[in-house]
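Hi,

Here is the structure I promised to pass on.

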Amino acid sequence: MSSHLSEPSSSPSPLALHTHAFISAFIAGSPPSETLTKYFTPMASIHEHGPEWARKRLPFLAKTFRGRASSSGVSRLEEVHKGDTMDDYYALLGSTLRFKPTEKTLPDLDKFSVDEEKGV
């Protein structure tokens, strides 16, 4: 059984670099619209997994958010409804959770492991 995991090395993969940059932007408090535009494709989706008992307090669990909302607030994708976009996910996340990063929140780039075959 072969593994496709990229082990931390002296030269990080493009996927590890992109992931590290995304997490850095998130931790720095970049506006969600900027983060989504820079690090996600317009057709991307976000799905948070979690236990059923937590869904009442964490309403973004077990729901898939797809696509982006346009600047007019109308979805760019016909099949996406208000409340179901990645922009809505970030708004819901921000209204539900508080995040206080420290200098140790973001691991060093050489500590990242990514699966190049799966793109994660």
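There are eight aromatic pairs in this predicted model, where rings of Phe, Tyr and Trp (its six-membered ring) pair if their centres lie within 6.5 Å. Planes under 30 degrees apart count as stacked, over 60 as edge-to-face and the rest as tilted. F22 and F26 make a tilted pair, because their ring centres are 6.4 Å apart and their planes sit at 35°. Both belong to helix α1 (residues 14–28), and being four residues apart there puts about one helical turn between F22 and F26. (Helices are DSSP runs of H or I with at least four residues, strands are runs of E with at least two, and both are numbered from the N terminus.)

F26 also pairs with F99: the centres are 5.5 Å apart and the planes at 45°, so this pair is tilted. Since F26 lies in helix α1 and F99 in the loop between α3 and β4 (114–115), the pair ties together parts that are 73 residues apart in sequence.

How accessible are these rings' residues? F22 is partly exposed at 22% relative accessible area, F26 is partly exposed at 32%, and F99 is partly exposed at 46%. For the cut-offs, buried is under 20%, exposed is over 50% and partly exposed is in between (1.4 Å probe, protein chains only). Ring pairs join F22, F26, Y39, F40, F60, F65, Y89, Y90 and F99 into a cluster.

Now for T35, which lies in helix α2. T35 counts as buried, with 2% relative accessibility. Neighbours within four places in sequence aside, T35 is in contact (heavy atoms within 4.5 Å) with F22, A25, S30, F40 and Y90.

T35 turns up again where two helices meet: P32, T35 and L36 in α2 meet M86, D87 and Y90 in α3. By class, that contact has four nonpolar residues, one polar and one charged. Here Ala, Val, Leu, Ile, Met, Phe, Trp, Tyr, Cys and Pro count as nonpolar, Asp, Glu, Lys and Arg as charged, and the others, Gly among them, as polar.

Two notes on reading all this. Residues are numbered from 1 along each chain as its sequence is written, and side-chain values use heavy atoms, with hydrogens and water left out. As the model is predicted, local features need pLDDT of at least 70 and side-chain atom pairs count only at pLDDT 80 or more, while totals for chains, interfaces and linings use all residues.

Cheers
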